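Here is a short report on one model. It takes a strand, a helix, the chain contact and the confidence in turn.

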Amino acid sequence: MILEARSATVRYDAHAPLALDQVSCQVTSSELVAVVGPNGSGKTTLVRALLGLLPLESGTVLVDGLAVSAWSRRALSRVVGVVGQQEEAVFRLTVAETVMLGRYAHLGALGVPREVDREAVKSALMRCDILMLANRPIDSLSGGEWKRVRVARALAQEPRALVLDEPTASLDIRHEMELFELIRQLVDTGLAGLVITHHLNLAARFADRILLLDRGSVVAAGEPRAVITRNTLSRVFDWPVAVTTWSDGSPQVVPLRPGEKNQNTTDDLV
Amino acid sequence: MRGARVIGLVLFVVVCLAAGLSAGAVPLPLSAVWEGLWNSGSGASAIVRDLRAPRVLLAFLVGGSLGICGAALQAMIRNPLAEPYLLGLSSGAGLGAVIAIATRAGSAWAVPLAAFVGAMSAVVLVYRLSLVSGRRLDPHVLLLSGVVVGAFAGALMSAVMVLSDAPGVRNAFLWLLGGFGTASWRALAVFSVYAALPLAVLMYHARALDLIALGDEPAHHLGADVHRLRRLVYICTALLTAASVATCGIIGFVGLVVPHAVRIVYRPLHRSLLPIVFLVGGCFLVLADVVSRTVVRPLELPVGVVTALIGVPLFALLLRRTLA
């Protein structure tokens, strides 16, 4: 198990309600776990707790079997690569320079990149299909390209787990799909993947397991078909939905308009 | 291309140092400077060795240090407009100097020492105010604390000046405007020994500065200990800036503009940026000092005035050309 939370409980403020309430989750190699839930349900809090950025009120978080608090930031970054929700560059680096920052934890005391570091950067750029962007300044990239650069930077860390917090926010359909295909490919080559997303349909198609959070607690967890159900989603999101099945067997969610017939449908939508 | 730039930069440093040794109230041709440097019997030896060499080297070292402080703070605060004096220590230093003068402190070292104590007091106060949750140094709170502590120290300084009848209080202002008129080998030695450690610490953490410039969370994820790094950067830049204020008054603009200009011309990764900023900052201040000594000869303009008068148009030009 690479990332594991056992009954993790987090409270931001002594008088505030629990941000995470006894949440357990596990991510292992070659497995993609999607964390979904309404705004404020604790998705990002869970990720931050898994990365040791938040103190737990109770429970345990383990990275590769060791308590996350026992890891130095440097050592942890060689195991877990993270692509955060947002990142705005202040200084004008090139794509290759940005991806090389992923090698920080691998560099020696003088911080001089060696051949192995340059190879890791090149390999990360190739895996994300952005080698041709290597010399472009990052402020000239589109939103989709910038996301890929950040995934490449995380890959340059040569991690065993990849954590992505809303990676497709503000991307169009093509870039969303390209990014999820890339994530799936990386997971299929052995990485453990944890992705937070608001895209229930993409989560259902790409993830092996889904964790549905609401108000800091796990409402449902398991294979997409077990979690993406009409009753559960309508209750958690407080909005009527219909759930249909796509040709690959994955459940797909259609939010209903007021007055629309609220029923489960298995119509062939092809 | 890269080699040519390095050679060009080294030549630029040599030319600036030579100009610094040659120019002054008594202009010396380069041959006389060379003779004076190596031959103690030459006529120019006293001027070159005892007066100009320590002055030029001190200006170079202070300029380089201020440049590196600016670059490190800009990365830490993630703002290209950050500069060393944002931390409120210029007013702290000013208050210290004015108190020393108003109380007629006698020794020649009293004013710089009081300025250093004032600057460090402001630094400690700003640092304490900026600690969030007991131990995290928040860069936004740091900026605000710097501004309010600076304003408070500035108000106290004005009060001391108004209430004091000491004749030298006006000199405190002149002294604060900056200059290397009192440079000596001893001052150079003290500053060099003192500055070596904070400069080395900042250079050693150059890669980590690249990460912290991305923001706290990305830096955490890439393996940097953000809170420790931020404390280190703050302490090192504060120590260097306080020492430079105590040595030669408040010289603005170097720490703001030099790192920014170097980032535009060269790549902005700190491992190569910091040494280049050090060299360019040093040259900039040596040239500003040359101008301050020669433009209204035999009087001297405060070097802080010159850095602004030269730096602003140069910077505006560079900015316009870059954005065009």
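Strand S7 (residues 161–165) of chain A pairs with S8(A) in the parallel sense over five bridges. This is a predicted model: local features need pLDDT of at least 70, side-chain atom pairs count only at pLDDT 80 or more, and totals for chains, interfaces and linings use all residues. Residues are numbered from 1 along each chain as its sequence is written, while chains are lettered from A and ligands numbered from 1 in the order in which they are written.

**Strand S8(A)**

Strands (E, at least two residues) and helices (H or I, at least four) are DSSP runs, numbered from the N terminus. Two strands pair if DSSP finds at least two bridges between them. S8(A) also has strand S3 of chain A as a partner.

How many residues of S8(A) are buried? Five of its five are. Buried means 20 or more other C-beta atoms within 10 Å of a residue's own; exposed means 12 or fewer, and partly exposed lies in between, with C-beta atoms placed from the backbone. A:Ala192, A:Leu194 and A:Ile196 are buried on one side of S8(A), A:Gly193 and A:Val195 on the other. In a regular strand, side chains alternate between the two faces of the sheet.

**Helix H4(A)**

Helix H4 of chain A covers residues 115–127. At 1.5 Å a residue, its 13 residues should span 18 Å, and the end C-alpha atoms are 18 Å apart, which agrees. The expected span is 1.5 Å times one less than the number of residues.

The buried residues of H4(A) are A:Ala120, A:Val121, A:Ala124 and A:Leu125. They cover an arc of only 135 degrees around the axis, so they lie on the same side of H4(A). The arc is that of the directions from the helix axis to the C-beta atoms. On the other side, A:Glu115, A:Val116, A:Glu119 and A:Met126 are exposed. The buried residues of H4(A) pack against helix H3 (95–100) and helix H5 (143–156) of chain A. A:Asp129 follows H4(A) with a positive phi, near 60 degrees.

**Chain contact and confidence**

The contact takes 18 residues from chain A and 22 residues from chain B; contact means C-beta atoms, placed from the backbone, within 7 Å. The predictor gives the complex an ipTM of 0.89 and a pTM of 0.87.

Chain B averages a pLDDT (the predictor's confidence in each residue, from 0 to 100) of 85.

How values were computed: Two residues are in contact if their C-beta atoms, placed from the backbone, lie within 7 Å.
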